[in-house]
Amino acid sequence: MARMTSTLYDPLLRPGLTNLKMGAPDDATLKKCVQVFREAAEHRLAEADARLLFQYGPEAGDGRFRVTLAKFLSDEYRSPVKPENLFVTSGATNGLLLLAYLMFTSGDLVFCEDPTYFMAISILRDDSELDLVSVPTDDHGIIPEELEKRLQASHAHRSHPLTPKRPFWAMLYLIPAFQNPTGSVLGPDRFKQIISLARRYKLLVVCDDVYNLLYFGNGGPQNRLFAFDDPEDAGYQGNVVSNCSFSKIFGPGIRLGWLEVPIHVRDALVSSGTSFSGGGLNHTSSGLMTSAISLGLLGALLEETRKSNEAKCLEASGILRNKYPGLLSFQDPIGGYFLWVKLPNGLKAADILKLCEEAEGLKVSFFCGNALSPTGSFADHIRISFVFYDVSTLIPAIHKLADVIHLACTPAAY
């Protein structure tokens, strides 16, 4: 008999375990989503054309939704977003897979940060059968000089003819803002270097921008690489895509996202057989989200989410830094979902994980760094998601994690 589950995470949750792997909104946020969608549904379904939400939608997505979303994003990003550059998806995973499927073929190259989002490795390498080339990072994200070395080396023996249908030689997959797992943020200087390399080597740069609006304090949103690929530039080719989702700023269950794309990429997406056969993705959900945005409900929820996430991050980082001073190394995030922690004295994350999962009393789980690396590196790092649990559950788990690491060290370890 099939096991009945309600969420993706059900198999990972059990009594007595706090699983810090989960990169998803907490229960409090999901309860607010219920109320937001209830109000949005009442508003939208009362309109005369509500029945059309249940018809096949336009290939690029509902026009009213794209106009409303563009205005919302322009305000939130503090940077212009045009409706004609938006293509509706069923989330960032779907957006990435669509681009890989339509723009590349098996055996093509994709360059990515090391470390990176673990499921992107699976989607690109396993599902799409692309060949991954990892690029070193530092505290500020991908290192353009290291990227250029790998582009030069690969282009020398992996070049192939480009066509109007497949105009890109390779993909560059990035998480520029509040990177998963490191939390790093790419700055304008590196943006410009990446744009230059993308134009020179005919790269499609796919930016996983799902965390951009989840900044802390008054720092404001991070810039999008897409905004730096200026159509007014003499060398403009349209090399950058911003791949986004409501999964982190609302709730993942609605399976709704968007691609912000150059016109020629949008045209390729719209003209695909997939788009023509099924029409716009998640047409009903996008209609309800239109009302959630226009009524101000999404904006209010997003502001609450930012404050909640920041408070949890401060609690977790404070414990890790102050309980055993000097024990652990990490950058303080300025947004996003994750803490990326370096263990002391060559300790292996897998060993600490085993101790945490087998500990007496409260048990804790997390991602080992090597699971987030295309090369299996970073075995002495751990990724902690501080968002999924409420503070009353998060704090004891972080204390337990710090205690286990401390006990695993000798006094000379730090």
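This is a predicted model: local features need pLDDT of at least 70, side-chain atom pairs count only at pLDDT 80 or more; totals for chains, interfaces and linings use all residues.
User: Why are helix 5 and helix 6 called roughly parallel to each other?

Analyst: Helix 5 and helix 6 (residues 188-201) pack at an angle of about 10°, with their axes 10 Å apart. Angles under 35 degrees count as roughly parallel, over 145 as roughly antiparallel, 65 to 115 as roughly perpendicular and the rest as oblique, so helix 5 and helix 6 come out as roughly parallel. The axes are lines fitted to C-alpha atoms, for helices over the stretch in contact, and the angle between N-to-C directions can run from 0 to 180 degrees. Helices here are DSSP runs of H or I with at least four residues, strands are runs of E with at least two, and both are numbered from the N terminus.

Residues are numbered from 1 along each chain as its sequence is written, and side-chain values use heavy atoms, with hydrogens and water left out.

User: Which residues make that contact, and what classes do they fall into?

Analyst: On the helix 5 side, Pro144, Glu145, Leu147, Glu148, Leu151, Gln152 and His155 meet Arg190, Gln193, Leu197, Arg200 and Tyr201 of helix 6. Contact just means heavy atoms within 4.5 Å. By class, the contact has five nonpolar, three polar and four charged residues. For the classes, Ala, Val, Leu, Ile, Met, Phe, Trp, Tyr, Cys and Pro count as nonpolar, Asp, Glu, Lys and Arg as charged, and the others, Gly among them, as polar.

User: What makes helix 3 roughly perpendicular to helix 8?

Analyst: Helix 3 (residues 92-103) and helix 8 (residues 263-270) pack at an angle of about 90°, with their axes 11 Å apart. That angle makes helix 3 roughly perpendicular to helix 8. Leu98, Leu99, Leu102 and Met103 in helix 3 meet Val265, Ala268 and Leu269 in helix 8. Those residues divide into seven nonpolar, no polar and no charged.

User: Why is the pair of phenylalanine 37 and phenylalanine 250 called tilted?

Analyst: The whole structure has 15 aromatic pairs. In this one, the ring centres are 5.4 Å apart and the planes sit at 40°, so the pair is tilted. The cut-offs: rings of Phe, Tyr and Trp (its six-membered ring) pair if their centres lie within 6.5 Å, and planes under 30 degrees apart count as stacked, over 60 as edge-to-face and the rest as tilted. Phenylalanine 37 lies in helix 1 (residues 27-45) and phenylalanine 250 in the loop between strand 8 and strand 9 (257-260), so the pair ties together parts that are 213 residues apart in sequence. Phenylalanine 37 and phenylalanine 250 are both buried.

User: How do you know that phenylalanine 111 and tryptophan 169 form an aromatic pair?

Analyst: Their rings are 6.0 Å centre to centre with 40° between the planes, which is a tilted pair. Phenylalanine 111 is in strand 3 (residues 109-114) and tryptophan 169 in the loop between helix 5 (144-158) and strand 6 (170-174), so this pair ties together parts 58 residues apart in sequence. Both phenylalanine 111 and tryptophan 169 are buried. Elsewhere, ring pairs link Tyr9, Phe388 and Tyr389 into a cluster.

User: Why does tyrosine 236 count as partly exposed?

Analyst: Tyrosine 236 has a relative accessible area of 28%, which makes it partly exposed. Buried means under 20% relative accessible area, exposed over 50%, partly exposed in between (1.4 Å probe, protein chains only). Tyrosine 236 sits in the loop between helix 7 (225-228) and strand 8 (240-245). Not counting residues up to four places away in sequence, tyrosine 236 touches Arg199, Asp229, Asp230, Pro231 and Pro262.

User: What makes arginine 78 exposed, and what is its phi?

Analyst: Arginine 78 has a relative accessible area of 58%, so it counts as exposed. Its phi is positive, about 60°, although arginine 78 is not a glycine. Most residues other than glycine have a negative phi, and most peptide bonds are trans. Asparagine 282 also has a positive phi, near 50°, and at 26% relative accessibility asparagine 282 counts as partly exposed.

User: Which peptide bonds are cis?

Analyst: Among them are the bond from aspartate 114 to proline 115, with omega near 10°, and the bond from asparagine 180 to proline 181, with omega near 20°.
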